[in-house]
Amino acid sequence: MTDSRLHMLPRRNAVLRMSEVHAASLADGERLEGENDQTMIVNMGPVHPSTHGVLRIMLELDGETVLRSKPIVGYLHTGMEKTAETLTYVQGCTNVTRMDYASPFFNELVFSMAAETLLGVEVPERATWIRMLMSELNRISSHLLSMATNGMDIGAVSMMIYGWREREEVLRFFQKVTGLRMNHNYIRVGGVAADLPDGWEDDVVALMEMLPPRLEEYDTLMTGQPIWQDRLQGVGVMSPDEAIALSASGPLLRSTGIDWDLRRDQPYLAYDQVDFDVLVGTCGDAFDRYAIRLNEIRESIRIVYQILDKMPAGDYRVQDPKVTPPPRARIDESMEALIHHFKIFTEGFTVPPGEVYTAVESARGELGCYMVSDGGPKPVRMHIRGPSFVNLQAMPHLMADGFVADAVAVIASVDPVLGEVDR
Amino acid sequence: MTDDAGAENVEEAEALEYGAVVSWSAGEQKVLHVERERWFETAAEMAADDWSMCVDLTAVDYLGYSQPRPAAPAGLTLERFEVVASLLSMPRRERVRLRAQVPESDPTIASLYEIYPGTDFLEREVFDLMGITFEGHPDLSRILLPEDWEGHPLRKDFAVGTIPVQFKQPDAS
């Protein structure tokens with residue numbers, strides 16, 4: 001067919017299209033006519049240490065070479081989109097924050113932005129900048145985690161310890177602000193849950209001063225190191241056409257040289273008021289994806305310094321009695337305030353009927369939320385477009401004709417979070 | 001940018017783009033209502049016109065929806081299911097949403113796999129959770145649920161389900 005764009009995917013035959021039942025039957029020695037009996041189907045995962053959670057990949061191997069592969073997901077599926085239909089908009093953030101557990105603020109942000117677009121509320125400036133601060137710090141912590149796991153997968157085991165150590169420092173700041181290291185439920189519809197604590201600037205500055213020398217250490221440990229380069233350069237190469245065809249986003253898309261970052265190209269929050277560079281690769285290989293993540297940490301540090309300078313004063317949540325509970329002090333003196341507070345947290349607030357799609361650039365790519373409301377306190381449909389889920393489709397293409405050891409490097413370079421894949 | 005064009009289109013709801021009726025949703029987002037029979041052709045036309053990426057594809061079950069269908073133009077025949085695809089044009093930095101009505105009696109629609117191969121997993125997810133069949137998909141199988149699962153959980157007539165809690169009685173003694 002002339003309309004077909006499948007020519008953009010020259011390696012599409014590398015996708016193993018085989019049911020698990022059929023694969024299991026092969027183990028008993030039954031081969032269909034014409035099937036290659038020199039190949040072997042091997043499961044990698046779901047409890048393999050390098051599969052970043054519970055990803056399982058069915059690999060068709062010829063010796064050490066991967067011919068075809070099929071990612072099998074769903075081990076963490078708990079029906080979070082269905083659950084979202086039973087939760088109010090107040091409770092919804094606690095649900096979505098558990099999806100991409102390595103970058104929870106983005107989940108809360110995209111959910112809140114969808115509900116706010118339907119509500120038509122304008123978030124106060126300070127809340128916007130607080131959201132941006134937390135997003136960028138979360139991008140740093142998520143990329144640090146990616147550095148750590150990527151290092152461990154490739155054999156730079158000390159990197160695992162360093163990455164987790166630095167990430168823990170960022171999480172300590174999250175704990176100070178939100179009370180929790182992960183799954184914060186901090187960004188809520190209408191603003192954020194609480195203002196930044198006293199002395200937050202000092203904490204952030206200390207964090208930002210701590211990081212650059214550590215990143216230099218990573219450069220010494222990995223970037224310039226011949227073994228590291230050998231393991232990643234030329235591995236899992238992706239062309240720009242393939243990235244576009246496969247709807248890839250985030251570092252996976254940018255590594256192919258496509259200059260696309262939602263923060264700059266479709267600005268949300270106040271990203272149009274800060275100065276930063278979008279990093280792109282040239283080869284589209286695993287090394288580019290590693291380098292992009294490492295340097296995105298540096299760009300995020302740049303953004304955080306600008307946020308420190310420009311953080312406006314004001315309210316941290318919208319003063320709209322419809323979505324915002326009254327301040328704690330009012331509850332002690334006013335019965336109406338108590339009732340109002342009770343109503344918001346039991347019934348929730350209603351959101352006008354409509355449908356909306358919002359997207360943010362999470363640490364992994366485009367995180368989208370499609371929300372349909374019928375005017376009630378709970379969404380009729382809440383769909384999350386997870387960058388990990390969509391990027392996972394690229395894996396068979398990246399793994400084709402490589403070694404099993406390179407498959408590990410490919411998984412690490414795509415950096416999926418299985419909580420978001422399975423939802 | 002779209003802002004100027006958008007203001008005009010709100011006035012005349014009958015505007016057509018790629019043979020589909022245009023409407024505007026919350027936050028000035030553009031929605032094209034595509035006929036189910038023209039789903040594949042419309043996507044092919046749009047892909048050729050720089051709508052290079054299909055970022056998202058999902059479906060909504062409007063069973064029991066109490067309000068007028070959101071951002072639906074007058075005269076549109078409404079069905080129980082809607083398949084929703086979000087397209088992105090990088091050169092124009094624009095997004096558009098395609099929506100197609102899919103009836104309960106025949107929950108099928110053409111697969112966009114050949115136009116946007118990135119819809120592979122997304123269509124499998126919709127098939128798995130919503131029970132809509134995509135004709136022309138190379139491997140339409142369940143993706144999140146086990147292969148032998150029965151039913152489609154995101155449908156409105158699929159109960160949320162509970163696991164009964166086992167309460168323990170204090171010892172009578």
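Me: In which strand does Pro71(A) lie?
Reply: This is a predicted model, in which local features need pLDDT of at least 70, side-chain atom pairs count only at pLDDT 80 or more, and totals for chains, interfaces and linings use all residues. Residues are numbered from 1 along each chain as its sequence is written, while chains are lettered from A and ligands numbered from 1 in the order in which they are written. Helices (H or I, at least four residues) and strands (E, at least two) are DSSP runs, numbered from the N terminus. On that numbering, Pro71(A) lies in strand 3 of chain A.

Me: Is Pro71(A) buried or exposed?
Reply: A residue is buried if 20 or more other C-beta atoms lie within 10 Å of its own, exposed if 12 or fewer, and partly exposed in between, with C-beta atoms placed from the backbone. Pro71(A) has 25 other C-beta atoms within 10 Å, so the answer is buried.

Me: Which residues does Pro71(A) touch, not counting residues up to four places away in sequence?
Reply: Two residues are in contact if their C-beta atoms, placed from the backbone, lie within 7 Å. Under that rule, the residues that Pro71(A) touches are Leu55(A), Ile57(A), Leu392(A) and Met395(A).

Me: What distance separates the C-alpha atoms of Pro71(A) and Cys93(A)?
Reply: Along the chain, Pro71(A) and Cys93(A) are 22 residues apart. The separation of their C-alpha atoms is 29 Å.

Me: How do helix 5 and helix 17 of chain A run, roughly parallel or roughly antiparallel?
Reply: The axes of helix 5 (residues 125-154) and helix 17 (residues 404-414) of chain A come within 9 Å and cross at roughly 180 degrees. Angles under 35 degrees count as roughly parallel, over 145 as roughly antiparallel, 65 to 115 as roughly perpendicular and the rest as oblique. The two helices are therefore roughly antiparallel.

Me: Which residues of helix 17 of chain A make the contact with helix 5 of chain A?
Reply: Helix 5 of chain A contributes Thr149(A), Asn150(A), Asp153(A) and Ile154(A). From helix 17 of chain A come Val408(A), Ala409(A), Ala412(A) and Ser413(A).

Me: How many residues of strand 7 of chain A are buried?
Reply: Strand 7 of chain A pairs with strand 6 of chain A in the antiparallel sense over nine bridges, and a hairpin through two residues joins them. Five bridges also join strand 7 to strand 8 of chain A, again running antiparallel. Strand 7 of chain A is mostly covered, and its buried residues number nine of nine.

Me: How many residues does chain B give to the contact with chain A?
Reply: Chain A gives 46 residues. Among the elements of chain A that give two or more residues are strand 6 (354-362), strand 7 (365-373) and strand 8 (381-385). The number from chain B is 40 residues.

Me: What is the radius of gyration of chain A?
Reply: The radius of gyration is taken over C-alpha atoms, and the globule rule is 2.2 Å times the number of residues to the power 0.38. With 423 residues, a compact globule would have a value near 22 Å. Chain A agrees with that, at 23 Å.

Conventions. Axes are lines fitted to C-alpha atoms, for helices over the stretch in contact, and angles run from 0 to 180 degrees between N-to-C directions. Two strands pair if DSSP finds at least two bridges between them.
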